Amino acid sequence: MIFLKFLPAGLAYAFLQVVLRFKEETELARRLKAREPEAMAELYDRYGRLTYSIIYRVVRNTAVAEDLVQETFLRVWNRVHSFDQQRGALGPWVLAVARNRAIDYLRSIDGRMSAGALELDRMENPALFSGFEDSALSIDRARQLKNAFEKLTPSQRTVIELAYFEGMSQTEMADRLKQPLGTVKTWVRSALKILRDELIEAATA
Amino acid sequence: MTCDELRDMHELYSLGLLEREEKGEIDAHLVRGCDTCRKNLKDALAVNAILMSFSPDLAPPARVKRRLLASLGVKRAGWGWLGALAAACMLVLALWLGAEERRRASELADARHSLIEISVQRDRLQQAIGFLNDPETRPVSFGKGQPAPPRGTVLVNPRSGVLLIASNLPPLAAGRIYEMWVIPKGGTPRPAGLFHSDAAGTALHILSGPLDIGTLGVVAVTVEPESGSSAPTTTPVIAAPVAGL
Ligand SMILES: [Zn+2]
């Protein structure tokens, strides 16, 4: 399956994009809220590339990816007024919007629309993306997650991939993979547990 | 359901993938202000962001940014022709800046890439990132296209100084150290700090402090005795021309 090629090259860039920047973003968020287009240019410089990488991974079409990147940033621009500039994290928010826009597009061409669109919209609420603990978005955390990810079995990776980058519910995965729903749920649950346990272990080590 | 039973579901919840009943369970906890679930949701959102950022790195064409900014120009002003004019000006400006911007962006991206390969202390890495993010920072790469000699990037910034990121540095003999030099145009080299490379031959070195970029000629690195020298005593292993940035 082509989507098994998780990880490799993006990691280094990704670290720096998401992880290290979020502490320095109060001022950028303030300027975005003040509707300064230059702030938008800066936001794009920070996250445009990563956003494009994620969206392309989902839609696998450059023209569509370009449009969706624009849509992502416009959405952020139009909703930034309710972003918490003191305690918010722009990166996770922008990435979530990007991923959701891409999934929404996939669903629309697959005819899988409906209630899901509303749900995605709700999960992009800027208010959700505040109050992270420092350690949750640290460079160490990214390293731990990468290590943990490498411990996953192929089945576990597949379901993670299908969830994050194909936007499939567990029922849809069971369909696609021709596996009982219970099996799929076990894979998802155990995969997330491995990721989480690695983090907890690292935090208490 | 208990918070513990819901623990496995926050990632799917935040990806909008839970079935109605499970989603309802989490909603109920969040609505009644359950702190455990709130924290678990934040953790899940952070995990999501990091996992997604492991995607293969791909650069968007420059037109994406131009189009984005152009569309904002119009929307923001919203005064008909004035907005359109602003957008047009921005587009021209973007086109004009395009080539230079692309060169810088790709060099800065390279620098970011190599940064991660280097094992340095966290605060120094943070300092380096601050450096990279400063719009005043100008990158110059050296050693490109050469297989063996040191490769990397020198970044200069009028307010914060010089950041050197190098790889492929030859191992040092005992009692030797690398020394960086800032050499003004037509002037004598000024010592700019000592550093070692790590086992993999990579190094990150920062000279902090304001810098007169206008008079700057070359940033160089030589191998010196461990206590450092006041003037270079060997042929530079790195010489990055930084004039005219
Ligand atoms: Zn709870």
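**Stops along the salt bridges**

Begin in chain A by selecting Glu124(A) and Arg101(A), which form a salt bridge (a side-chain nitrogen of Lys or Arg within 4 Å of a carboxyl oxygen of Asp or Glu) whose closest N and O atoms are 2.6 Å apart. Glu124(A) lies in the loop between helix H6 (115–122) and helix H7 (139–150) of chain A, whereas Arg101(A) belongs to helix H5 (residues 90–110) of chain A, so the pair ties together parts that are 23 residues apart in sequence. Helices (H or I, at least four residues) and strands (E, at least two) are DSSP runs, numbered from the N terminus.

Before moving on, note that this is a predicted model, in which local features need pLDDT of at least 70 and side-chain atom pairs count only at pLDDT 80 or more, while totals for chains, interfaces and linings use all residues. Residues are numbered from 1 along each chain as its sequence is written, chains are lettered from A and ligands numbered from 1 in the order in which they are written, and side-chain values use heavy atoms, with hydrogens and water left out.

Are the two partners of this first stop buried or exposed? Glu124(A) is buried, with a relative accessible area of 1%, and Arg101(A) is likewise buried, at 4%; here buried means under 20% relative accessible area, exposed over 50%, and partly exposed in between (1.4 Å probe, protein chains only).

Next, select Asp57(B) together with Arg49(A), whose side chains meet in a salt bridge with an N to O distance of 2.9 Å. Asp57(B) sits in the loop between helix H4 (35–52) and helix H5 (62–77) of chain B, and Arg49(A) in helix H3 (residues 37–59) of chain A, so this pair joins two chains. Arg49(A) is partly exposed, its relative accessible area being 21%.

Stay in chain B and select Asp43(B) and Lys39(B), where the side chains meet in a salt bridge at 2.7 Å, N to O. Both residues lie in helix H4 of chain B, 4 residues apart, which is about one turn of the helix. Asp43(B) counts as buried at 15% relative accessibility, whereas Lys39(B) is partly exposed at 35%.

Now return to chain A and select Glu71(A), Arg75(A), Arg79(A), Arg101(A), Asp104(A), Asp121(A) and Glu124(A), which are joined into one network by salt bridges that share partners. Over all chains, the structure holds 28 salt bridges.
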